[in-house]
Amino acid sequence: MSRDLMYDDKTGDLVIQNGRPQFVQGEDEMSQAFASRLMIKQGSFELNPDIGLSWSGLLSDGFSKEIAEENITECLEQDARVDSVNNVSIEVDENHHAIAHTQIVIAGQLQTYENDLGEVD
């Protein structure tokens, strides 16, 4: 079971309680790892420029649901624990706020995740 430092999902800050860093594991760690991966703009991490999410279809070129869904699939499949990404669907509200719903197979089990993509053009 994977374990990692816990980050606040609103601020991205390391969570510290009583002077000690907190940890996340299991399903929560997986969700945090996927959210972190989706927040990295592909090409921005010098040590591994292929890691992260291509923003094409999200922001820089205008919003395209189809391209964004493909890019999210490719981004999540970068995680070695992911067997496959079965479905990605994006909902955009009237304020141009997007939420991605994904169905991912990990170790033969289907799991569903929801990630806030923020505002899209």
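**Exercise 1.** How are H1 and H2 oriented to each other?

*Solution.* This is a predicted model, in which local features need pLDDT of at least 70, side-chain atom pairs count only at pLDDT 80 or more, and totals for chains, interfaces and linings use all residues. Residues are numbered from 1 along each chain as its sequence is written, and side-chain values use heavy atoms, with hydrogens and water left out. Begin with the packing: helix H1 (residues 26-39) and helix H2 (residues 65-76) meet at an angle of about 120°, and their axes lie 10 Å apart. Angles under 35 degrees count as roughly parallel, over 145 as roughly antiparallel, 65 to 115 as roughly perpendicular and the rest as oblique. H1 and H2 are therefore oblique to each other.

**Exercise 2.** Find the salt bridges and state which residues they join into one network.

*Solution.* A salt bridge is a side-chain nitrogen of Lys or Arg within 4 Å of a carboxyl oxygen of Asp or Glu, and the structure holds two of them. In one, the side chains of Arg81 and Glu29 meet at 2.6 Å, N to O. This pair links distant parts of the chain, since Arg81 is in the loop between H2 and strand S5 (82-92) while Glu29 is in helix H1, 52 residues apart. Asp79 also forms a salt bridge with Arg81, with the closest N and O atoms 2.8 Å apart. Through shared partners, the salt bridges join Glu29, Asp79 and Arg81 into one network.

Notes:
Axes fitted to C-alpha atoms, helices over the stretch in contact; angles between N-to-C directions. Helix = DSSP H or I, 4+ residues; strand = E, 2+ residues; numbered from the N terminus.
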